[in-house]
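This report covers a surface patch and the contacts of aromatic rings. The sequence and the model come next.

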Amino acid sequence: MATTTAPTSAAQGLINYTAGEGIGWIEMNDPPANTYTYEMMQELDSAILRARMDGAVHVIILRGAGDKFFSAGANIKMLSSVTPEFKYYFCLHANETLNRLEHTPKLTIAALNGHTVGGGLEIAMACDLRLAKENAGKIGLPEVNLGVLPGTGGTQRLARIVGKARAIEMMVKGETFSFDKAKELGLVNEVFPADDYWEQIMLYAKQFTPPHKASKAVGLIKRAVQSGAEVPFESGLTLERELQQQLFQSDDAKEGIAAYVEKRVAEFKGR
């Protein structure tokens, strides 16, 4: 019988990575706040590549260790002790890491199991979907209260998710708010009850894995949107056609079309 709980593993470092049943789990492991340093970002980058290259992984889920924080963002103590030059390259690498996550042609889900603020929300916004735990914490980009801006893609991704005017208002106020309000704003896709949160996350993610869905099509739909939305419309259509051609050649497309003609349920294999 398939498990419906998040896998657990012995600590591997600042990022824990486990995989099974078509799901790759990436856990930020520096409780209680799971703040990130350059070292954590390096490990996150490596885990993203590991999940990307694993043919048995169809969906990637990010979570925070413990039950208090998804992530509170960048480690302020670290930032207060390094040079401006280091801060610049730190932000550059974080941008590159999250871009790699965003452009990986596999569905990515941020499981917001606690407070998701600052750079923690910036990490979550680089995922395709955000699924929050009911009454588990606050969400927002309060960087203005430190005299800085959300510098790990926050100004760009938030505007693309909620619109420019609302994004500006949220960031200049620097307020944090509930996951329920975040769902109203379109920042969070679903809010699940706390008592069976991880079971719901697993069931949600499993629907996008074989045999239920053609995971290659899921991944390329994601890629068409994430990449195509940033280029002129005609270029986006060109990308869409090229990705569609890849799918026409896939085993799952053959299976899906055959199943439709034969009036049966398709059994996808992710190929």
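Val148 sits in the loop that runs between β8 (138–140) and α5 (154–162); helices (H or I, at least four residues) and strands (E, at least two) are DSSP runs, numbered from the N terminus. With a relative accessible area of 47%, Val148 is partly exposed (buried is under 20%, exposed over 50%, partly exposed in between; 1.4 Å probe, protein chains only). Together with Ile76 and Leu146, Val148 makes a nonpolar surface patch of about 300 Å². Such patches take residues with over 30% relative accessible area and no salt bridge, nonpolar side chains being joined within 5 Å; a salt bridge is a side-chain nitrogen of Lys or Arg within 4 Å of a carboxyl oxygen of Asp or Glu.

This is a predicted model, in which local features need pLDDT of at least 70 and side-chain atom pairs pLDDT 80 or more, while totals for chains, interfaces and linings use all residues. Residues are numbered from 1 along each chain as its sequence is written, and side-chain values use heavy atoms, without hydrogens and water.

The structure holds 7 aromatic pairs (ring centres within 6.5 Å, the six-membered ring for Trp; planes under 30 degrees apart are stacked, over 60 edge-to-face, the rest tilted). Two of them are tabulated.

| Pair | Centre to centre | Between planes | Class |
|---|---|---|---|
| Tyr38 and Phe86 | 6.0 Å | 85° | edge-to-face |
| Tyr197 and Trp198 | 4.9 Å | 65° | edge-to-face |

Tyr38 in helix α1 and Phe86 in helix α3 are 48 residues apart. Tyr197 is buried at 1% relative accessibility. Trp25, Tyr197 and Trp198 form one aromatic cluster.

Key
Patches are made of residues with over 30% relative accessible area and no salt bridge: like charges are joined within 9 Å, nonpolar side chains (Val, Leu, Ile, Met, Phe, Trp, Tyr) within 5 Å. Accessible areas come from the Shrake-Rupley method with a 1.4 Å probe; for residues, only the protein chains shown count as cover.
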